[in-house]
Protein chains: 6
Amino acid sequence: MDYRIIQSPSSGALEIISRRMGMSSVSAKELLTDCDAVGLIQGKLIDMVYVADLAEKAAGITAVDVRGSCPQNMVLLALLGDTASVETAVNNIKVKMKKSRGSD
Amino acid sequence: MDYRIIQSPSSGALEIISRRMGMSSVSAKELLTDCDAVGLIQGKLIDMVYVADLAEKAAGITAVDVRGSCPQNMVLLALLGDTASVETAVNNIKVKMKKSRGSD
Amino acid sequence: MDYRIIQSPSSGALEIISRRMGMSSVSAKELLTDCDAVGLIQGKLIDMVYVADLAEKAAGITAVDVRGSCPQNMVLLALLGDTASVETAVNNIKVKMKKSRGSD
Amino acid sequence: MDYRIIQSPSSGALEIISRRMGMSSVSAKELLTDCDAVGLIQGKLIDMVYVADLAEKAAGITAVDVRGSCPQNMVLLALLGDTASVETAVNNIKVKMKKSRGSD
Amino acid sequence: MDYRIIQSPSSGALEIISRRMGMSSVSAKELLTDCDAVGLIQGKLIDMVYVADLAEKAAGITAVDVRGSCPQNMVLLALLGDTASVETAVNNIKVKMKKSRGSD
Amino acid sequence: MDYRIIQSPSSGALEIISRRMGMSSVSAKELLTDCDAVGLIQGKLIDMVYVADLAEKAAGITAVDVRGSCPQNMVLLALLGDTASVETAVNNIKVKMKKSRGSD
């Protein structure tokens with residue numbers, strides 16, 4: 001699983017994210033301009049759904065799936081919120097995912 | 001094969017699942033809001049069809065294929081139902097899939 | 001190559017198959033409701049075309065390609081028919097494919 | 001590289017091939033019903049273009065790319081013609097491709 | 001991660017890039033004809049978003065995602081600008097990405 | 001990286017190439033019928049952009065990206081021109097790509 005946190009992302013970075021979110025580009029940009037930081041997590045689809053649930057329950061953030069209409073096996077999840085919430089959520093996920101592999 | 005069980009999933013997690021289900025988003029959301037828990041299983045397409053059949057015959061759940069119009073080789077299956085049924089179904093699948101590999 | 005036989009498949013399993021068959025969903029469902037069993041075989045596209053030919057020549061079954069409009073390298077083949085014919089076809093294929101690798 | 005020759009292909013096998021040929025299904029079926037045998041060759045796109053050229057120059061056959069509008073890296077080539085021409089073309093390709101690897 | 005810098009790119013190279021940028025081909029060509037050099041970086045989607053942010057913050061360049069409407073796991077990023085800025089940005093990224101792996 | 005040169009390509013080979021070029025099939029066929037030979041190079045997208053630039057700067061040829069609207073990570077590049085130019089371009093690329101790996 002890969003992790004990145006971007007503080008006040010540049011317009012090019014926001015553009016790449018917003019074009020791949022599965023919603024209208026207007027609502028995508030609204031969501032993105034309201035946030036101070038973006039946490040990015042890339043992994044298997046099954047883990048990304050699980051992690052989105054973990055993140056939203058732990059901190060005041062919104063979890064969005066960064067992919068258009070042609071999903072692949074590996075997906076990228078964006079955690080949007082203020083810097084402290086995003087950092088808490090990413091650390092929280094790192095700890096929980098180490099404990100629970102969820103595979104046979 | 002990967003397994004996850006999510007209790008009362010968050011709105012972001014439900015959003016990711018419902019957008020990738022191959023049905024209208026209205027019926028997807030209806031299905032999802034009626035369930036207490038979501039069991040997620042990710043694996044080869046052939047095994048997911050087999051497992052959907054196993055799960056629906058064993059417990060009071062609905063099995064749905066979590067992918068849009070551009071399927072890949074690996075797919076994610078969502079088992080929707082009350083918590084006990086989903087847990088029973090996932091455990092049942094783990095046991096049966098260990099016994100039967102189904103490949104040469 | 002992977003093999004599975006499903007006896008009187010559940011509605012969720014039939015739904016996954018019929019949505020991925022490259023035909024109108026009405027004719028897909030007709031084909032599927034007429035059959036007692038579904039044999040599933042997953043492998044390379046070239047072998048699936050070869051196996052479809054083998055299966056249809058050996059037993060009273062219909063071979064269908066379980067993929068939508070965006071085919072991949074690995075495909076899933078469904079063999080539809082009564083239980084005995086599907087079992088005969090799958091066993092027949094296992095034997096013939098062991099003898100003939102068809103690659104250099 | 002994988003090779004298969006199918007003599008007088010069954011309707012299910014022809015259906016799989018014709019649906020994935022990048023032309024109207026009418027012209028695809030015409031091409032296919034006119035031929036006694038189908039030679040199938042699966043490999044890298046670059047080699048399939050090369051092999052199509054080899055096959056058409058060596059024997060009275062038509063080479064067609066068995067993929068729809070969403071091509072992948074690995075493609076399947078169908079060589080259509082009478083049985084003798086298809087067998088000659090496939091053997092010819094096997095010999096020439098062993099001599100010339102075309103990679104660094 | 002792969003890196004290339006192209007000085008005053010040829011029309012064929014610009015054509016390949018502009019056709020895969022997720023914007024109208026007019027604005028794509030405008031962006032491209034204004035720049036002296038193109039830096040290309042290919043890697044995981046999560047790293048490309050991170051790198052786009054790094055590059056835009058460090059130098060007077062525009063970072064664009066070179067992919068159409070069907071994104072994959074690996075993506076290509078184009079850094080557009082004058083030669084010095086592009087070289088600075090690419091070197092900057094090489095150094096920062098060696099220090100920070102961002103994966104567990 | 002894979003290389004092939006086809007002298008006066010057959011109609012089937014031209015058909016496969018022209019259908020996958022990202023332009024109208026009329027202009028694709030015009031480009032193709034004007035050339036004596038086709039050089040094919042298959043590799044990573046980032047290298048193919050780089051190589052297209054190299055080829056066009058070195059010899060009187062046109063470099064075209066042989067892929068439709070759903071690009072993948074690995075792409076095929078066609079170098080169109082007279083036989084001598086295509087051979088020069090392919091040899092030129094082989095030499096330059098051995099010297100410069102462009103990856104970390």
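In the predicted model, D:Asp53 and D:Lys57 are joined through their side chains by a salt bridge, 3.0 Å from N to O; the term denotes a side-chain nitrogen of Lys or Arg within 4 Å of a carboxyl oxygen of Asp or Glu. Both residues belong to helix α3 (residues 45-58) of chain D, where they are four residues apart, about one turn of the helix. Helices (H or I, at least four residues) and strands (E, at least two) are DSSP runs, numbered from the N terminus. D:Asp53 is buried at 7% relative accessible area, whereas D:Lys57 is partly exposed at 48%. Here buried means under 20% relative accessible area, exposed over 50%, and partly exposed in between (1.4 Å probe, protein chains only).

This is a predicted model, in which local features need pLDDT of at least 70 and side-chain atom pairs count only at pLDDT 80 or more, while totals for chains, interfaces and linings use all residues. Residues are numbered from 1 along each chain as its sequence is written, chains are lettered from A, and side-chain values use heavy atoms, without hydrogens and water.

Over all chains, 18 salt bridges are counted. One of them links B:Asp47 to C:Arg4, with the closest N and O atoms 3.1 Å apart. This pair crosses between chains, from helix α3 (residues 45-58) of chain B to strand β1 (residues 2-7) of chain C. B:Asp47 is buried, with 10% relative accessible area, and C:Arg4 is buried at 4%.

F:Lys44 and E:Asp2 form another salt bridge, at 2.6 Å from N to O. That pair also runs between chains, from strand β2 (residues 37-44) of chain F to strand β1 (residues 2-7) of chain E. F:Lys44 is partly exposed at 31% relative accessible area; E:Asp2 is buried at 10%.
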